[in-house]
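Here is a short report on aromatic contacts and pockets. Read it with the structure in view.

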Amino acid sequence: MGDKVRCELCPTECELDNYQIGGCRTRINKSGVLYSLVYGKPCSVAIDPIEKKPFYHFLPATAAFSIATAGCVLDCKFCQNYQISQARPEEVDHKDLPPADVVRQALYYGCRSITYTYTEPTVFYEYMFDTAKLARDFKLKNTMHTCGYINSRPLRELAPFMDAADVDLKAFTEDFYSRICGGRLRPVLDTLVELKKAGVWIEITNLVIPTLNDDIKKISEMTAWIVNNLGRDVPLHFSRFFPYYKLKNLPPTPPGTLSDARKAALDSGLRYVYIGNLAGGGQNTSCHKCGRLLVERSGFRVNQNNIINGRCGSCGTGIPGVWG
Amino acid sequence: MGDEKKFRALLVSAALLIACIFSYNIFGEYLRADIFEYIKRRAYYENVLKNKGLDLREGMHWRKKQ
């Protein structure tokens with residue numbers, strides 16, 4: 001029935017028969033050649049505040065031109081965008097938006113960056129790669145919100161064009177990744193280390209789900225791993241879970257659990273730990289040296305920013321991140 | 001053709017027929033499944049994907065033929 005092809009983009013490495021589509025729903029083997037079905041066909045296009053990704057240490061209060069195609073390399077039972085991430089490209093409406101048009105529109109709307117987000121950008125790797133390359137020529141930054149489930153070769157090739165990545169570290173156990181997400185933890189950790197090595201600015205998001213990954217001991221293990229392998233300056237966002245998709249049976253994360261997780265992360269040595277998806281505290285940035293308020297946020301809005309040329313406006317300490 | 005030749009031809013044909021029946025019984029299920037799956041996949045591509053305006057773009061790297 002023709003040549004088989006092994007896709008080497010993500011760690012699942014689907015082996016595809018002729019005309020078979022990969023688990024990500026976006027790559028097809030046609031007569032022994034692997035093709036992308038979603039190049040230049042985003043199903044979601046929007047202009048978002050960069051804080052929504054979330055990036056708190058990357059060009060605060062700027063607009064990010066955000067794109068996504070259908071498909072995902074994982075199958076998380078709590079996915080907030082399952083309508084597009086778990087859909088086939090032919091099942092959702094898409095626009096024709098080649099890389100040149102993405103860049104043109106991002107410039108037209110005054111965006112400082114292009115973000116590959118909403119679904120898993122690995123599934124539209126070629127589209128992201130070409131767009132990121134082109135965006136660089138026009139002084140636009142490139143960022144992605146990713147689950148980090150990508151093989152090291154494609155990641156190494158992409159990293160020189162990527163300025164920042166927000167990586168979902170969904171839990172710190174292989175069991176959670178296999179039962180809840182249909183993947184593995186190890187490749188995600190490898191991706192984080194690889195991104196750090198490549199000089200890409202990293203922020204990490206951890207969605208805290210009651211009974212599944214809210215064990216403080218495990219959270220402490222995770223934050224200790226971050227400190228030891230990525231350093232103390234990586235911002236960590238603990239995000240509140242709300243019942244959704246296949247996990248409607250679980251309650252929202254109690255605010256106390258998020259505070260405990262934040263405390264555990266700070267105790268591990270992390271300097272910038274935030275709480276997301278919850279009105280109230282845990283969103284502001286303070287100087288790790290003098291403790292003065294640097295960036296005050298409410299929701300996705302920045303109320304004040306006291307970082308001057310990447311330094312604390314009060315004591316002059318360098319604040320890790322990309323600020324200008 | 002003499003009787004002996006006729007008999008030999010009949011013997012060979014019978015042996016071939018038996019081999020074919022045996023093979024079909026052993027491998028038929030796999031072959032049929034393979035062919036039907038292939039036809040289904042191809043029909044889906046031709047009738048659905050092609051009509052949805054999803055142009056194919058060759059994967060950039062990491063292609064490895066088995």
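## Aromatic pairs

Over all chains, the count comes to 14 aromatic pairs in this predicted model. Two of these pairs are described here.

Tyr19(A) and Tyr38(B) form an edge-to-face aromatic pair. Their centres lie 6.0 Å apart, with 65° between the planes. This pair crosses between chains. Tyr19(A) sits in the loop between β2 (15-16) and β3 (27-30) of chain A. Tyr38(B) belongs to helix α1 (residues 3-49) of chain B. Tyr19(A) has 5% relative accessibility, so it counts as buried. Tyr38(B) has 17% and also counts as buried, because the cut-off is under 20%. Tyr19(A), Tyr38(B) and Tyr45(B) form one aromatic cluster.

Tyr56(A) and Tyr274(A) make another pair, with ring centres 4.8 Å apart. Their planes stand at 75°, so this pair is edge-to-face. The pair links distant parts of the chain, 218 residues apart. Tyr56(A) is in the loop between β5 (44-49) and β6 (63-68) of chain A. Tyr274(A) is in strand β12 (residues 273-276) of chain A. Tyr274(A) counts as buried at 2%.

## Charges over rings

The charged end of Arg297(A) sits over the ring of Tyr56(A), 3.9 Å from its centre.

## Pockets

Rolling a probe the size of a water molecule over the atoms shows where empty space is left.

| Pocket | Space | Lining residues by type |
|---|---|---|
| Largest pocket | About 960 Å³ | 16 nonpolar, 16 polar, 8 charged |
| Second largest pocket | About 200 Å³ | 11 nonpolar, 6 polar, 4 charged |

The largest pocket holds about 960 Å³ of space. It is lined by 40 residues. Which of them are closest to its centre? They are Lys53(A), Gln80(A), Asn81(A), His145(A) and Asp168(A). Three strands of chain A, β8 (141-146), β10 (201-208) and β11 (236-240), each supply at least two residues of this lining. β11(A) gives the most, with 4 residues.

The second largest pocket holds about 200 Å³ of space. Of the 21 residues that line the second largest pocket, the closest to its centre are Cys10(A), Cys14(A), Gly23(A), Cys24(A) and Val73(A).

How values were computed:
Residues are numbered from 1 along each chain as its sequence is written. Chains are lettered from A and ligands numbered from 1 in the order in which they are written. This is a predicted model: local features need pLDDT of at least 70, side-chain atom pairs count only at pLDDT 80 or more; totals for chains, interfaces and linings use all residues. Side-chain values use heavy atoms; hydrogens and water are left out. Rings of Phe, Tyr and Trp (its six-membered ring) pair if their centres lie within 6.5 Å; planes under 30 degrees apart count as stacked, over 60 as edge-to-face and the rest as tilted. Buried means under 20% relative accessible area, exposed over 50%, partly exposed in between (1.4 Å probe, protein chains only). A charge sits over a ring if NZ of Lys or CZ of Arg is within 6 Å of the ring centre and within 35 degrees of the ring normal. On a 1 Å grid over the protein atoms alone, a cavity is a set of points where a 1.4 Å probe fits but cannot get out, and a pocket is an open set with protein on both sides within 12 Å along at least five of seven lines; lining residues have an atom within 4 Å of a point. Grid points are joined across faces, edges and corners, and a volume is the space filled by probe spheres set on the points. Ala, Val, Leu, Ile, Met, Phe, Trp, Tyr, Cys and Pro count as nonpolar, Asp, Glu, Lys and Arg as charged, and the others, Gly among them, as polar.
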